[in-house]
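Subject: Structure handover

Hello,

Here is the structure I promised to pass on. Please open it and keep it beside this note as you read.

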Amino acid sequence: MVIAGGFGVGKTTLVGSVSEIVPLRTEALVTNESVGVDDLAQTPAKSTTTVAMDFGRITLAEDLVLYLFGTPGQKRFWFMWDDLVRGAIGAIVLVDTARLDAAFAPLDYFESKNVPFIVAVNEFEGSSRYPLHEIAEALALRDDVPLITVDARDRDSAKRALIRITEFSLTRLATAQRTA
């Protein structure tokens with residue numbers, strides 16, 4: 001399962017909150033070198049960033065173990081995404097309502113790769129809340145793309161998101177097999 005989205009939307013947090021193992025993180029300090037390269041205006045307190053991937057694991061059922069791959073958010077590391085989605089059954093695209101524009105590239109990516117995905121609005125503390133239908137409209141989501149809210153810090157909330165994308169992916173797979 002791939003956890004994707006723009007810079008600072010909570011991908012590392014989500015993988016860490018739900019993983020049953022200590023997650024592998026490839027975090028590096030945000031330094032002055034990133035000024036002018038990474039847009040830190042909306043995330044001034046962010047001191048580290050994922051430079052390759054995050055990796056975690058969760059057992060959803062006795063016969064269903066998900067491996068979690070969190071993507072890097074900065075455009076300069078997006079070349080990693082092709083390797084991270086190889087073999088993925090689905091993806092969660094995390095979005096921040098304060099920076100919806102950062103969601104368009106990840107959404108386009110998964111559509112172009114024909115990878116089933118859901119959109120999860122990360123409810124940051126103090127963030128503005130909007131009705132989901134307004135977010136779907138702002139993101140120009142197709143009607144068949146599930147849109148949910150999530151608190152990436154909360155294990156149960158993150159698990160619900162993983163269950164939703166797993167169900168959605170399995171349904172899409174079953175539909176494709178029936179029509180083939």
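Predicted model: local features only at pLDDT ≥ 70, side-chain atom pairs only at ≥ 80, totals over all residues.

Two packed helices are described by the angle between their axes and the distance between the axes. Take helix H1, residues 11-18, and helix H5, residues 155-179. Their axes come within 8 Å. They cross at roughly 100 degrees. Angles of 65 to 115 degrees count as roughly perpendicular, so H1 is roughly perpendicular to H5.

Which residues meet there? From H1 come Leu14, Ser17 and Val18. From H5 come Arg155, Ala158, Lys159 and Leu162. By class, the contact of H1 with H5 has four nonpolar residues, two charged and one polar.

The loop residues

Next, look at Asn114. Its phi is positive, about 55 degrees, although Asn114 is not a glycine. Where does Asn114 sit? The place is the loop between helix H3 (104-113) and strand E6 (117-122). Is Asn114 buried or exposed? The relative accessible area of Asn114 is 57%. Exposed means over 50%, so Asn114 is exposed.

Then go to Ala140. This residue, other than glycine, has a positive phi near 55 degrees. Ala140 lies in the loop that runs between helix H4 (132-138) and strand E7 (147-150). Ala140 has a relative accessible area of 59%, so by the over 50% cut-off Ala140 is exposed.

Best wishes

Methods: Residues numbered from 1 in each chain as written. Heavy atoms only, no water. Helix = DSSP H or I, 4+ residues; strand = E, 2+ residues; numbered from the N terminus. Buried < 20%, exposed > 50% of the residue type's maximum accessible area, 1.4 Å probe, protein only. Axes fitted to C-alpha atoms, helices over the stretch in contact; angles between N-to-C directions. Parallel < 35°, antiparallel > 145°, perpendicular 65-115°, else oblique. Contact = heavy atoms within 4.5 Å. Nonpolar A, V, L, I, M, F, W, Y, C, P; charged D, E, K, R; others polar.
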